[in-house]
Amino acid sequence: MIVKNILSEELLTISEVREMLNEIMEDRLSKGEELRYELRKAINHAEMFSRMSAQRSRELVNKLMELEKMKPEIAVRIADIAPQTRDELRTLYAKERYTLSESELDSILDLVSEAVE
């Protein structure tokens with residue numbers, strides 16, 4: 001596939017991607033089309049690694065974006081991975097030029113635990 005130019009770009013969580021891929025799968029199956037290998041693998045990957053519903057993951061990203069020192073890319077990664085410990089969360093911030101305090105880490109972990117439940 002040759003891409004000439006990008007019209008728009010949006011960061012999506014793996015849960016949102018899973019939902020979109022399931023819609024594509026249902027549409028193609030209803031038309032009697034066979035699912036290609038790449039699509040089947042993508043659907044399998046999204047099913048395996050999504051931890052919450054698409055709506056909950058987007059809500060989590062929106063809540064995380066309200067916090068200080070939060071970038072959209074990191075918020076989406078946090079929603080995808082759903083870290084449970086401070087160390088897991090610190091690894092997501094390893095490339096950043098700043099570190100988070102214990103209270104900031106705890107507030108992020110609280111938001112994640114609310115979304116996962």
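Author: Axes are lines fitted to C-alpha atoms, for helices over the stretch in contact, and angles run from 0 to 180 degrees between N-to-C directions. This is a predicted model, in which local features need pLDDT of at least 70 and side-chain atom pairs count only at pLDDT 80 or more, while totals for chains, interfaces and linings use all residues. Residues are numbered from 1 along each chain as its sequence is written, and side-chain values use heavy atoms, with hydrogens and water left out.

Reader: At what angle do the axes of α1 and α3 cross?

Author: Helix α3 spans residues 54-65, and its axis comes within 8 Å of that of α1. In the contact (heavy atoms within 4.5 Å), Ser-15, Glu-16, Arg-18 and Glu-19 of α1 meet Ala-54, Ser-57 and Arg-58 of α3. The axes cross at roughly 150°.

Reader: Is α1 parallel, antiparallel, perpendicular or oblique to α2?

Author: Helix α1 (residues 14-30) packs against α2 (residues 37-49) at about 140°, with the axes 9 Å apart. Angles under 35 degrees count as roughly parallel, over 145 as roughly antiparallel, 65 to 115 as roughly perpendicular and the rest as oblique. Therefore α1 is oblique to α2.

Reader: Which residues form an aromatic pair, and is the pair stacked, edge-to-face or tilted?

Author: Ring centres must lie within 6.5 Å, and planes under 30 degrees apart count as stacked, over 60 as edge-to-face and the rest as tilted. By this rule there is one aromatic pair. Tyr-93 and Tyr-98 lie 6.1 Å apart, centre to centre, with 55° between their planes, so the pair is tilted.

Conventions
Helix = DSSP H or I, 4+ residues; strand = E, 2+ residues; numbered from the N terminus. Phe/Tyr/Trp six-rings, centres within 6.5 Å; stacked < 30°, edge-to-face > 60°.
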